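Here is a short report for a first look at this structure. Keep the sequence and the 3D view side by side as you read.

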Amino acid sequence: MTVIALIVAAGRGSRAGGEKPKQYQMLGGKPLLRHSIDAFLAHGAIARVMVVIHPGDVEEYRAATKGLEESQR
């Protein structure tokens, strides 16, 4: 059995404030979304991580996931 983690990150995060949706705001030097992706990738039972994003967030998503292999996300 293959386990895939699905992260739903298409919201606007307006209650969090800031110029960007909260999933792209920085926390400890990297975007919050990257923290979530990294945590799932570090789990031994998870083979792949898939992320649902807002259609207008493609560039932000690419920046947040820079350096990750496409097969990992």
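Start with A63, which is found in helix α2. The model shown here is predicted. A63 is exposed, because its relative accessible area is 55% and the cut-off for exposed is over 50%. From A63 to M1 the C-alpha distance is 31 Å. In sequence, these two residues are 62 apart.

Now turn to A64. This alanine also lies in helix α2, which covers residues 58-64. Is A64 buried or exposed? A64 has 3% relative accessibility, so it counts as buried; the limit for buried is under 20%. Setting aside neighbours within four places in sequence, A64 is in contact with Y24, P31 and R34. Q25 sits 39 residues from A64 along the chain. The C-alpha atoms of A64 and Q25 are 9.6 Å apart.

## I37 in helix α1

Helix α1 spans residues 32-42, and I37 is found in it. The relative accessible area of I37 is 0%, so this residue is buried.

Which residues does I37 touch, leaving aside neighbours within four places in sequence? The contacts of I37 are I7, V49, V51, T65 and L68. Take V49 as one of them. Along the sequence, I37 and V49 are 12 residues apart. Their C-alpha atoms are separated by 6.8 Å.

I7, one of the contacts of I37, belongs to the alternating side chains of strand β1. This strand runs over residues 4-9. A5, I7 and A9 point to one face and are buried.

Strand β1 pairs with strand β4, residues 48-53. The pairing is parallel and has six bridges.

## The chain as a whole

How many helices and strands does the chain have? There are two helices and four strands. In sequence order, the pattern is β-β-β-α-β-α.

The chain has 73 residues, and a compact globule of that length would have a radius of gyration near 11 Å. The chain has 12 Å, which agrees with that value. Along the principal axes, the C-alpha atoms fill a box of roughly 40 × 25 × 20 Å. Among contacts with a separation of 6 or more, 61% join residues 24 or more positions apart.

## Surface and charge

Of the 73 residues, 26% count as buried. The chain exposes about 5000 Å². Carbon and sulfur atoms supply 56% of that area.

The chain carries 10 positive and 7 negative charges. The mean position of the positive charges and that of the negative charges are 4 Å apart.

Technical notes: Residues numbered from 1 in each chain as written. Predicted model: local features only at pLDDT ≥ 70, side-chain atom pairs only at ≥ 80, totals over all residues. Heavy atoms only, no water. Buried < 20%, exposed > 50% of the residue type's maximum accessible area, 1.4 Å probe, protein only. Pairing = 2+ DSSP bridges. Rg over C-alpha atoms; globule rule 2.2 N^0.38 Å. Contact = heavy atoms within 4.5 Å. Areas by Shrake-Rupley, 256 points an atom, 1.4 Å probe, with all protein chains shown as cover. Lys, Arg positive; Asp, Glu negative; His and termini not counted. Charge placed at Lys NZ, Arg CZ, Asp CG, Glu CD.
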